[in-house]
Amino acid sequence: MEQVQQMKKSVQSCIDAHKDELHSLSQDIWAHPELAGKEKYAMERFLRFFHLDPAWRVQSPYKMPTAFRASWGPVGGNEGDPVLNVAFLCEYDALPDIGHACGHNLIAEVGAAAGWGLKAALEGQPELPLRVKVTILGTPSEEEFGGKIELLNAGAFEDIDLVFMAHPGAEDGVSMRGRARTYMLVKYHGKASHAAALPWMGVSALDAAVQAYSNLTMLRNQLKPGCNFEGIIKHGGVKSNITPSYSELQYCLRAPMMKEVAELKAKVEACFKAAAIATGCQVEITYPEHTYLNIVPNATLEKLYEVNAQVLGIEFPENIADYAVATDFGNVSYVIPGIHPIFSILTTAYNHTEAFAKAAGSEEAQMYTLRVAKALAMTAVDVLCSPHLLRQVKDDFAQAKVKQEN
Ligand SMILES: [Zn+2]
Ligand SMILES: [Zn+2]
């Protein structure tokens, strides 16, 4: 017990001791917003950060042009024991025009801080029951095509046993309730004609798009709780006196669980196909991006995080708002046990707004960011010091996964 408390103290004092370097890391990333897949500056900035402590073995790039991995250890247990690799995930991509409006610069800081804090706690702990390694993994492109999914496919998570990350938001919660999400791209092909002189010779792809839009608006009345979709007409013709021969729509479908996305897909596709039949157009339906899965919860990790966070003064509201957001962490959570808490940075603004971007770059966000990093690393300490808790985390993971799939 004393060992756990001592290690948690080390987490806190290490993070406090490095608060200026950590702030400067997130501040620099905030001041140089880069879109998904183009996070060159952030990569270079992380490299400089890891140069502060040569004990980290850094691979940059790692499996993707703008991903990196920093590892330390193993320590504890006995030589030859299986190694438990604990990873903290960083994100650092920004949004077009409004910069770090999702606060990924702070996710970068949380990951770096928690990893450093846990390393400090593990240093000089030969009595630890388990053999442990710490990894800080830089995962790019969350806002666009799902960097974590690419990294999963590339084997970047193969030797990782537990994952932790946290996302800034409008309030504090032990876990983001990420939805499963998929993007659809729908193209209608019709036939151009002189819209005034020979309208009967044309086949309007815009009519198909409008018909589909209205079919879907009616379908919206019959959705299960937690399921939704939103869509736009991206292309609807080129000139009013030409029958539009081509139209294009983008839709995004979301549901609490992946199996419900599959049900929703079938209904939505029927709406698009019906519009094609009604108008005489050809329809092409594709899913151009990776599907983000919902987050598989882990009750044990959530409970441990809650206690550690409360010790540090984080208060959780009774009922947390159920925002229909999605993250590529969901895909990771289907493969490895982990948690993805959200944390308030003292703004009433919600993510993806200019006001939130401002808050994510403010001095005031620092205390909240470092506090959540401490709580994550302290949660890792609890698990690493107790083979019993580790078993419980793994059992929760197995049970929660079965629930998602059935
Ligand atoms: Zn976002
Ligand atoms: Zn985000």
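**Close-up views of a predicted model**

Figure 1. The model shown here and in the following views is a predicted one. Glutamate 143 is buried, its relative accessible area being 16%. Histidine 352, by contrast, counts as partly exposed at 40% relative accessibility.

**Figure 2. The site of the zinc ion (ligand 2) and the bridging cysteine.** Three residues coordinate the zinc ion (ligand 2), namely Cys102 (SG), His104 (NE2) and His167 (NE2), at 2.1 to 2.4 Å. The sequence spacing of these donor residues is C-x1-H-x62-H. Cysteine 102 forms a bridge between the zinc ion (ligand 2) and the zinc ion (ligand 1), and the two ions lie 3.1 Å apart. Cysteine 102 is buried, with a relative accessible area of 8%. Histidine 104 is likewise buried, with a value of 0%.

**Figure 3. Surroundings of asparagine 105.** Asparagine 105 is part of helix α4 (residues 104–122). With 0% relative accessibility, asparagine 105 counts as buried. A polar atom of its side chain lies 3.4 Å from the backbone oxygen of serine 26. When residues up to four places away in sequence are not counted, asparagine 105 touches Ser26, Ile29, Trp30, His100 and Ala360.

**Figure 4. The largest nonpolar core, seen around leucine 118.** The largest nonpolar core comprises 73 residues, and those with the most contacts inside it are Phe46, Val86, Leu118, Leu122 and Tyr305. Helix α11 (residues 365–384) makes the greatest contribution to this core, with 13 residues. Another core, of 25 residues, lies apart from it and includes Ala209, Leu216, Leu249 and Phe272. Within the view, leucine 118 is in contact with Val11, Val86, Phe88, Val134, Ala377, Ala380, Val381 and Leu384, its neighbours within four places in sequence being left aside.

**Figure 5. Valine 132 in strand β4.** Valine 132 is located in strand β4 (residues 131–138). Its relative accessible area is 0%, and valine 132 is therefore buried, the limit being under 20%. Valine 83 is 49 residues away along the chain, yet the C-alpha atoms of valine 132 and valine 83 are separated by 5.4 Å. Leaving aside neighbours within four places in sequence, the contacts of valine 132 are Gly73, Pro74, Val75, Val83, Leu84, Val86, Leu122 and Leu384.

**Figure 6. Helix α6 and its buried side.** Helix α6 (residues 205–219) has 15 residues, and the distance from its first C-alpha to its last is 21 Å, close to the 21 Å expected at 1.5 Å a residue. The buried residues in α6 are Ala205, Ala208, Ala209, Ala212, Asn215, Leu216 and Leu219. These residues lie on the same side of α6, because they cover an arc of only 125 degrees around the axis. An α-helix has 3.6 residues a turn, so residues three or four places apart point the same way. The packing partners of the buried residues of α6 are β7 (180–189), β8 (228–235), β9 (246–255) and α7 (258–279).

**Figure 7. Serine 204 at the N-terminal end of helix α6.** Serine 204 lies in the loop between β7 and α6. It caps the N-terminal end of α6, with a side-chain oxygen 3.3 Å from the backbone nitrogen of leucine 206. A polar atom of the serine 204 side chain also lies 2.9 Å from the backbone nitrogen of aspartate 207. Serine 204 counts as buried, at 14% relative accessibility. Not counting residues up to four places away in sequence, serine 204 touches Thr243, Pro244, Thr279 and Cys281.

Methods: Residues are numbered from 1 along each chain as its sequence is written. Chains are lettered from A and ligands numbered from 1 in the order in which they are written. This is a predicted model: local features need pLDDT of at least 70, side-chain atom pairs count only at pLDDT 80 or more; totals for chains, interfaces and linings use all residues. Side-chain values use heavy atoms; hydrogens and water are left out. A nonpolar core is a set of buried Ala, Val, Leu, Ile, Met, Phe, Trp, Tyr and Cys residues joined through side-chain atoms within 4.5 Å. Buried means under 20% relative accessible area, exposed over 50%, partly exposed in between (1.4 Å probe, protein chains only). Helices (H or I, at least four residues) and strands (E, at least two) are DSSP runs, numbered from the N terminus. Contact means heavy atoms within 4.5 Å. Donors are N, O and S atoms within 2.8 Å of the metal (3.2 Å for Na, K and Ca); water is not among the atoms, so sites may look incomplete. The expected span of a helix is 1.5 Å times one less than its number of residues. The arc is that of the directions from the helix axis to the C-beta atoms. A polar contact is a pair of N or O atoms within 3.5 Å; within protein, one must be able to donate a hydrogen and the other to accept it, and residues adjacent in sequence count only if both atoms are side-chain atoms.
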